[in-house]
Amino acid sequence: MSSPEHPLLPDKESRPPAGLFKAGQPVEAEVLVHQLGSAAGSRVSVWHRLKNFSHAGRLTTLVLFLPPALLLFTLFVALPVLEAAYYSFFNWNGYGAPTKSAGLENFVRVWSDPVFHNSLLNNLWVILVSALIQIPLALSLALLISDRSRSSLVFRAIFFLPYILGEVVAGLIWRYLYDGNYGLVATVYHWFGLEAPEVLATVGWAETALLLVVVWKYFGFHMALFIAGRQGVSEDVLESAKIDGASRWQTTRHIVLPLMRPVVVLSLFFSILGSLQLFDLIIPLTGGGPSNSTNSAVSYLYNFGIRRMRVGFGSAVGVSLFVICVFVMLFYKRLFMQERATR
Amino acid sequence: MKKLNLVCALLGSLLAPLPAETVVKILHIQSIPQIRAIWQEAAQQYESSHPGVRIEFDYLENEAFKSKLPTLLQSKDQPSAFHSWGGGVMYEQVNSGICKDITSKAGADGLSDTFYPSALRNFMVEGKLYGLPNDAAPIVLWYNKELCQKAGVDPTKIQYWDDFIAAVKKCQAAGITPIAAGGKDEWPLHFYTALLMMRVLGKDGMQAVYEDKSGGFANPEVIKAFQLFRDLADLQPFQKGYLANTFPEATGIFHDGKTAFQLMGSWDLVEGPQNAADKKGFPIENLGWIFFPEVKGGKGKANDLLASVDGWLVTKDAPNETIDFMKVWLGKEIQTKLAAQNLFIPAVKGTADAIQNPLLKRIAQEVSNTQWIEIAMDQLLGPDTGRVLNDLTADLASGKTNPEKAAKDLETSWQRNKM
């Protein structure tokens, strides 16, 4: 490879072009550098090149951080899902290893159970209420208090408080509020001299009560997102709109809201995800009752799968829920989160 | 590689703990402090005479206990002995090999003979013993003497179901809520359907049901029992919003003096007043109990008892000291102390006399006299069918299902879960 003229000089093909180096100057260092940089052109592998490339640090970072992340993901996400899929084909009480194969029986039973249908319906209700009540509420509040005045900051803190509460705590608090004998609801009714309804014991009322608690708990989170989104709207745009004579309402409707579209889409995404996972609020509040009317998909899994020591059945519910989630997310992404490359 | 092995071995031996004392871990659900205090006494007594052994009591709340148990029993935190209600859940545990066969060990010094045979039977599977009983807690109909008097009801005259219905109606006429029940927990309600089944079918009838004769649960007598419960529920006899009340809340309402009756186990004597608003409840002179009424034309007798017979199952890897400790802990001395404080009815023979409280004493006497103790059905029927029975009873009470459908659903679930 080295030329007969000098042991370190590369042969003619890979020699740096003539005139690159000034005559008379020490040539060895540059030759070395050039040799390293493109050692004999394509005759040395890409790996070699990459390794010695000045961006060597990037690959190291990749190698260092990717395996742990992959490991955690596999261990705590991929593996459990696969295991649940495996268990769902068995009739298993949770002790020892699954032995009684049940084929598709668990899935048939899950999907033919009216209580499961009702649970899915409850999940749908939560999504609808989030989309049609909670998000508009959070949005309007956000638009009202997104400035930097002190009163706005105070209100922001107040509205965010419910979100900070643990879900079990929130469930318990509302359980006492709704109590028909001693709760706040009862007290209000008694002021008017009326008998308080037993909200959590009546089938129709309990579901509405649950939805109210869900809205109360999470609207602060969405409000915080929207405030951030609102503050991201450039002041210049608003100023020019003002100069053009746009009214407050017109500005809001035609400029602020469209610019906040990505945040609203993200917010809706979170709320759909959250409502599919709803469980912690339900158990202390109603336990899924009365008469299994306030179950969500996950509390159904807990009540009918885990508590009854039918782990295979519970796994079937889990797998079904997983598939539903994946479809919903894909569909949602497609519909709302497409890159607007063509615009 | 060899070098690596050597290094690991050295490190391991350095880090390995010194030979530890034997630990006997008992997992329980007991929340009453007086009981736990006496248990601690037993532990100290045993530890002082057996150096090198440590007794550890771990507590879990009822529902948390039920949910966590399968995982705990299969982990390295496996207790040496744990609370059990017997019945279907125990069958599942024994069949999965978690429990130790202690027939010979317990029989050795006559330990198993110190218990009531019917209580001991609750922890046997196919003739082999897997645990020891702790207490027998029958379910009786408690009543508030003062409220009954106000309503013009004499509970001691209630002999048949129709008498009870009449008493309920009288209470309502006097503006008194007849019955307290924890509908959210569902098992307090299932006492009614279980006892009605027992009263209608009798011992042999129930046995035939379990053996799938005459259609199992889907037979006319079970439907009749469910119908009788439905008749009661249609009167709306329970406290307002009972479907949202847990057992502690409901018994609190009873001991606040708000309802005339409560169908509950004998543990309510201790647990009930603690849940009242003033933590004391109404004076004990005001409290009485009667047997659950018979059904006219039914085969069951008034003193056939539905009871919770609780005990302790021993796990496979439990140290031998576990049973040794149980000789002290479940022995006559300690159990007599517990009986003397009226805390529960021990399953140990000869301790009933130590009970001071006349109400509890009478119940204990019935335990030794009765011909039939049936285990609370939400446990007996297993974790799945038991909860199905609970759900069905709550649905019958709220009107969501009817007796025929309920019986059919129960039978379907029972068939599905046959061991």
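Is A:Ser291 buried or exposed in this predicted model? A:Ser291 is buried, with 21 other C-beta atoms within 10 Å. A residue counts as buried if 20 or more other C-beta atoms lie within 10 Å of its own, as exposed if 12 or fewer do, and as partly exposed in between, with C-beta atoms placed from the backbone. The model is predicted, so local features need pLDDT of at least 70 and side-chain atom pairs count only at pLDDT 80 or more, while totals for chains, interfaces and linings use all residues. Residues are numbered from 1 along each chain as its sequence is written, and chains are lettered from A and ligands numbered from 1 in the order in which they are written.

A:Ser291 sits in the loop between α13 and α14 (297-306) of chain A. Its phi is positive, about 55°, although A:Ser291 is not a glycine. B:Glu186 is not a glycine either, yet has a positive phi of about 70°. B:Glu186 lies in the loop between β7 (177-179) and α9 (187-210) of chain B. B:Glu186 also counts as buried, with 24 C-beta neighbours inside 10 Å. Helices (H or I, at least four residues) and strands (E, at least two) are DSSP runs, numbered from the N terminus.

Helix α7 of chain A covers residues 167-178. At 1.5 Å a residue, its 12 residues should span 16 Å. The expected span is 1.5 Å times one less than the number of residues. The end C-alpha atoms are 16 Å apart, which agrees. Buried positions in α7(A) are A:Ala170, A:Gly171, A:Trp174, A:Arg175 and A:Tyr178. Seen down the helix axis, the buried residues of α7(A) fall within an arc of 140°, so they line one face. The arc is that of the directions from the helix axis to the C-beta atoms. An α-helix has 3.6 residues a turn, so residues three or four places apart point the same way. The buried residues of α7(A) pack against α6 (150-164), α8 (184-191), α9 (203-231) and α13 (282-285) of chain A. The face turned away from the buried side of α7(A) carries the exposed residues A:Val169 and A:Tyr176.

Chain B comprises 18 helices and 11 strands. Its radius of gyration is 23 Å, close to the 22 Å that the globule rule gives for 419 residues, so chain B is as compact as a globular protein of that length. The radius is taken over C-alpha atoms, and the rule is 2.2 Å times the number of residues to the power 0.38. The C-alpha trace of chain B spans about 85 × 45 × 40 Å along its principal axes. Of its 419 residues, 51% count as buried.

Chain B is divided into domain 1 (19-136 + 308-364) and domain 2 (138-305 + 375-416). The bounds come from an automatic or database domain assignment. The C-alpha centres of the two domains of chain B lie 28 Å apart. Their contact takes 19 residues from domain 1 and 19 residues from domain 2. Two residues are in contact if their C-beta atoms, placed from the backbone, lie within 7 Å. On the domain 1 side, α4 (87-95), β10 (305-314) and α15 (358-369) of chain B each give two or more residues. The largest share of that side, four residues, comes from α4(B).

Between the chains, 18 residues of chain A are in contact with 23 residues of chain B.
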